[in-house]
Amino acid sequence: MQKSDPETLLPLTPAVFHILLALVGCDRHGYGILQEVNDSTEGTLHLGAGTLYRSIKQMLAKDLIVEWDERPDIELDDQRRRYYRLTDFGERVLKAETERLEHLLRIARARQLSLRSAATNEEGSFS
Amino acid sequence: MTTHSGHILAPSKRLYRWLLRAYPPEFRQQYGPQMTQVFLDCCRTAYQASGTRGVLRLWIPTLGDLISNAIAEHVSTLILKLRKYPSLLNTQGIAVFQKRGDSMLHITNGDTVGETLRQTSLPGNILVWRDVLHEGPTPAHLSLEQMSQVRAQFLANCALGPYETILADFLSRDTTLAQFLIHREVILWFEHDLYDQLQLIQILDWLSHQKLGATSVNLICIDTFPGIANFVGLGQLNPSQLRSLYEKRRPVTKKEIELGSEAWQTFCSPDPKKLETFLHKDTSALPFLKAALLRHLEQFPALQGGLSRTERQILEVVASGIQKPVEIFQATQKKEESPFMGDASFWFYLSRLCTGTNPFLTRVDGSPVSFPTSNFYDATFQEQVIVLSKEGQQARSGQTDWIRINRGIDRWLGGVHLQGPEAAWRWDIQQATLVQI
């Protein structure tokens with residue numbers, strides 16, 4: 001049998017989407033994820049610890065991420081921290097969500113363009 | 001910073017830890033220390049940026065985050081618990097039907113038989129085992145609860161439902177089983193095929209670790225029924241026919257429990273050769289077990305072509321000109337001595353042959369084959385015409401190997417995980433034996 005279709009998990013909540021993004025190519029602990037989300041969204045998305053760990057719980061259950069034992073630098077790091085890593089399935093879900101958002105964006109842009117051109121025509125008729 | 005910040009960080013930490021009591025205990029136990037750590041990290045950053053005022057400002061969104069997530073987590077936990085106790089929540093998908101009296105516990109294979117049992121005059125509770133153990137992982141040395149978690153994850157990954165719902169169903173099932181001693185009698189209702197025999201040996205293995213006390217455990221296990229020419233399973237019987245079997249029940253013997261337990265542990269072993277060896281033993285105490293487990297071994301990828309018996313049968317059926325999905329399923333079932341696979345499992349086999357780098361099956365017009373996402377089969381799905389691809393035709397004449405041309409395998413068969421560019425074990429069709437590669 002196969003993994004569930006990523007499409008069935010869409011749409012993702014903003015928190016889950018940004019946590020997945022934060023884990024692309026880099027294992028992070030909880031606070032590291034918060035910092036990355038804060039930086040990448042230029043401070044527009046503030047995740048609290050409650051939202052972060054409820055999301056992590058759900059993402060672990062859905063096999064989007066796994067807890068990872070290895071630490072980037074044992075010397076510098078706190079042993080108590082738990083690190084999280086994106087799974088292959090998590091990456092597929094992230095891609096699917098990105099494609100969904102791109103599709104929405106295309107629709108929105110097309111609509112804006114048509115509105116703009118309609119407005120231009122109306123303006124034209126007055127001139 | 002530590003000296004000066006201590007006056008605000010220490011009480012903040014204490015208060016935050018106290019407020020975590022708002023979360024359900026399981027969640028608090030699992031994530032409480034990490035949440036506190038993250039909150040403290042945020043406090044330090046806020047203090048560095050804006051001093052005490054920064055920490056105080058941080059408390060405003062923190063309280064909102066804490067309250068809203070604590071409520072949400074309580075709701076999730078409550079839903080899970082309600083699903084665990086079916087008498088509190090009557091929803092579809094609950095494994096146990098409450099029925100008049102609790103003097104008997106009827107354990108059976110699926111919902112159809114469970115529903116028919118409910119229509120009989122037999123009193124007691126009905127427990128539907130409901131697990132396709134011939135698909136997916138059943139690793140060795142797991143408790144029933146651990147196994148349920150593994151199975152729920154596998155079935156959720158197959159998109160057969162949300163993990164939490166499936167797990168709640170299994171936990172409800174396991175809780176009912178664990179309380180079997182409150183019943184005067186337990187009756188195991190099973191048939192002869194692989195699906196049922198695996199459920200039976202899993203239950204017998206569990207019973208082998210229990211003290212049966214005053215509860216009598218009885219077995220009804222058949223492969224024929226008078227008047228039914230092509231008996232496939234208990235689901236074919238009406239309430240009156242099913243009721244008549246009750247009189248023919250017989251106590252489960254110690255020998256059956258021991259044999260069932262050994263069979264289950266062997267099935268869950270990562271070494272499939274143990275299962276093959278087991279089949280050379282005397283298994284007559286459970287007369288249908290040998291044929292069923294042999295059928296399981298035939299699901300290993302063949303030495304000749306890399307396909308399971310189900311997949312080989314699919315190719316044969318399609319090559320014979322049967323090309324619509326439901327008809328392919330029906331024709332494939334007819335090739336089985338004892339059909340065991342439901343349609344939901346079957347679509348996974350069919351879809352596997354339609355996907356991969358070099359699919360063996362394709363739609364006649366070359367477009368991708370679609371598969372149902374629910375029990376409802378619409379015309380688009382049913383009317384698809386599926387044919388052999390070029391590779392599929394080569395496979396039929398033994399010129400190509402599925403695993404080799406589709407970049408390996410990742411499949412569990414009981415306790416055996418076949419993974420990598422080559423399957424570690426294959427089934428030699430000609431010699432009817434497993435071969436280690």
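**Chain contacts and aromatic pairs in a predicted model**

The contact takes 24 residues from chain A and 30 residues from chain B, where contact means heavy atoms within 4.5 Å. This is a predicted model, in which local features need pLDDT of at least 70 and side-chain atom pairs count only at pLDDT 80 or more, while totals for chains, interfaces and linings use all residues. Residues are numbered from 1 along each chain as its sequence is written, chains are lettered from A and ligands numbered from 1 in the order in which they are written, and side-chain values use heavy atoms, with hydrogens and water left out.

User: What area is buried between chain A and chain B?

Analyst: The size of an interface is often given as the accessible area lost when the parts come together. Buried area is here the accessible area (1.4 Å probe) that two parts lose on being put together, summed over both. Carbon and sulfur atoms give 53% of the area between chain A and chain B, and the whole is about 2400 Å².

User: Which residue of chain B forms a salt bridge with K57(A)?

Analyst: A salt bridge is a side-chain nitrogen of Lys or Arg within 4 Å of a carboxyl oxygen of Asp or Glu, and across the interface of chain A and chain B this rule finds two. In the one that involves K57(A), the closest N and O atoms are 2.4 Å apart, and the partner is E73(B).

User: Why is the pair of Y16(B) and F39(B) called stacked?

Analyst: Rings of Phe, Tyr and Trp (its six-membered ring) pair if their centres lie within 6.5 Å, and planes under 30 degrees apart count as stacked, over 60 as edge-to-face and the rest as tilted. The centres of the Y16(B) and F39(B) rings are 4.2 Å apart, and the pair is stacked because the angle between their planes is 10°.

User: In which helix of chain B does F39(B), the ring partner of Y16(B), lie?

Analyst: Helices (H or I, at least four residues) and strands (E, at least two) are DSSP runs, numbered from the N terminus. The pair links distant parts of the chain, 23 residues apart, with Y16(B) in helix α1 (residues 2–19) and F39(B) in helix α2 (residues 25–84).

User: Is W206(B) buried or exposed?

Analyst: Buried means under 20% relative accessible area, exposed over 50%, and partly exposed in between (1.4 Å probe, protein chains only). The relative accessibility of W206(B) is 14%, so this residue counts as buried.
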